[in-house]
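Work each one with the model open, then check the solution.

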Amino acid sequence: MSLSQDILFEAQPYLIANEKHPFVQGIITGKLTPEQLSYYDEQDIAFEYNEVGVINALINYSTNTNQALLFHKRQDLQLHMLHDWLAREPESMPHNWQTLKQTTIQPINQMYRQHMVATIQTHSVLQILPSFAAGEWMYIELGKWMRNQTRVQEQPFKDFLNIGGGDFEGPNGYIQKFFDIIDHEAESATKREQEQAKQTFLKSCLLEWYFWDAAYKQITWNDWKDIALNGKDNAML
Ligand SMILES: Cc1ncc(CN)c(N)n1
């Protein structure tokens, strides 16, 4: 079994848990509040900017030119996507470059971002790529799964997780190419390094669940502070 097959086998329960999360269910039923959507939107756009740094590291530490070109192409897509996202600015959730830079990165987002960024110091594509590829894989799989659900056909729910299509899916899509790279790099890695890469992927999958959860409950540092300093009920966390 290749490393990517092993990873994907172990990641299945995480995918199912993400499918069941009330935020994801709320996308299908259109039952998320503007506040929940706005929290997600703001935190996620900041998360995607963090991914820019991770993809830069992948370009840097590529082990051959084809890898570097692939990551460079994915970076181009990322920056264009972010450009379009910023330009959309729906009334209910205005954002622009300035306000984004001032956005407070809330607890789970911070943990997830740092989990990803921490892999950069390994200088190893095998360790960095799974931290990023897991989120990409999760969104693609959730998008595929959603196509089989009867989902609300209104914006913004209609296009949520609707990221499938040629660029990402199929034998020539990014995600398959990322798994091919993981398997290629695994060939020259130790068992311990392979296991580390797998655990990084799975931790990203887990943090995906917590990212939905944080948006569903709109968890902020103030909530953390209230619980720690004022003894507020911590059932929500
Ligand atoms: C939390 C999260 N994970 C993954 C993705 C897809 N890059 C995202 N937009 N947000």
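**Exercise 1.** In which helix is the place of M111? Then find its surface partners and its exposure.

*Solution.* This is a predicted model. Start with the helix: M111 sits in helix 6, residues 107–117. The relative accessible area of M111 is 44%. Buried means under 20% and exposed means over 50%, so a residue in between is partly exposed. M111 is therefore partly exposed. Last, the partners. M111, W221 and W224 make a nonpolar surface patch of about 290 Å².

**Exercise 2.** Describe the largest pocket: its volume, its centre and its lining.

*Solution.* Take the volume: about 950 Å³. Now go to the centre. The lining has 33 residues, and W85, R88, D159, L161 and I163 are the closest to the pocket centre. Then look at the elements. Helix 3 (34–61), helix 4 (65–88), helix 7 (125–147) and helix 9 (191–217) each give two or more residues to this lining. Finish with the classes: 17 nonpolar, five polar and eleven charged residues line the largest pocket.

**Exercise 3.** Which residues line the second largest pocket, and which helix gives the largest share of that lining?

*Solution.* The second largest pocket holds about 160 Å³ of space. List its lining: H115, A118, T119, T122, Q127, Q196, Q199, T200 and K203. Assign the share. Helix 9 gives the largest one, four residues. Sort by class: one residue is nonpolar, seven are polar and one is charged.

Note on methods:
Residues are numbered from 1 along each chain as its sequence is written. This is a predicted model: local features need pLDDT of at least 70, side-chain atom pairs count only at pLDDT 80 or more; totals for chains, interfaces and linings use all residues. Side-chain values use heavy atoms; hydrogens and water are left out. On a 1 Å grid over the protein atoms alone, a cavity is a set of points where a 1.4 Å probe fits but cannot get out, and a pocket is an open set with protein on both sides within 12 Å along at least five of seven lines; lining residues have an atom within 4 Å of a point. Grid points are joined across faces, edges and corners, and a volume is the space filled by probe spheres set on the points. Ala, Val, Leu, Ile, Met, Phe, Trp, Tyr, Cys and Pro count as nonpolar, Asp, Glu, Lys and Arg as charged, and the others, Gly among them, as polar. Patches are made of residues with over 30% relative accessible area and no salt bridge: like charges are joined within 9 Å, nonpolar side chains (Val, Leu, Ile, Met, Phe, Trp, Tyr) within 5 Å. Accessible areas come from the Shrake-Rupley method with a 1.4 Å probe; for residues, only the protein chains shown count as cover. A salt bridge is a side-chain nitrogen of Lys or Arg within 4 Å of a carboxyl oxygen of Asp or Glu. Buried means under 20% relative accessible area, exposed over 50%, partly exposed in between (1.4 Å probe, protein chains only).
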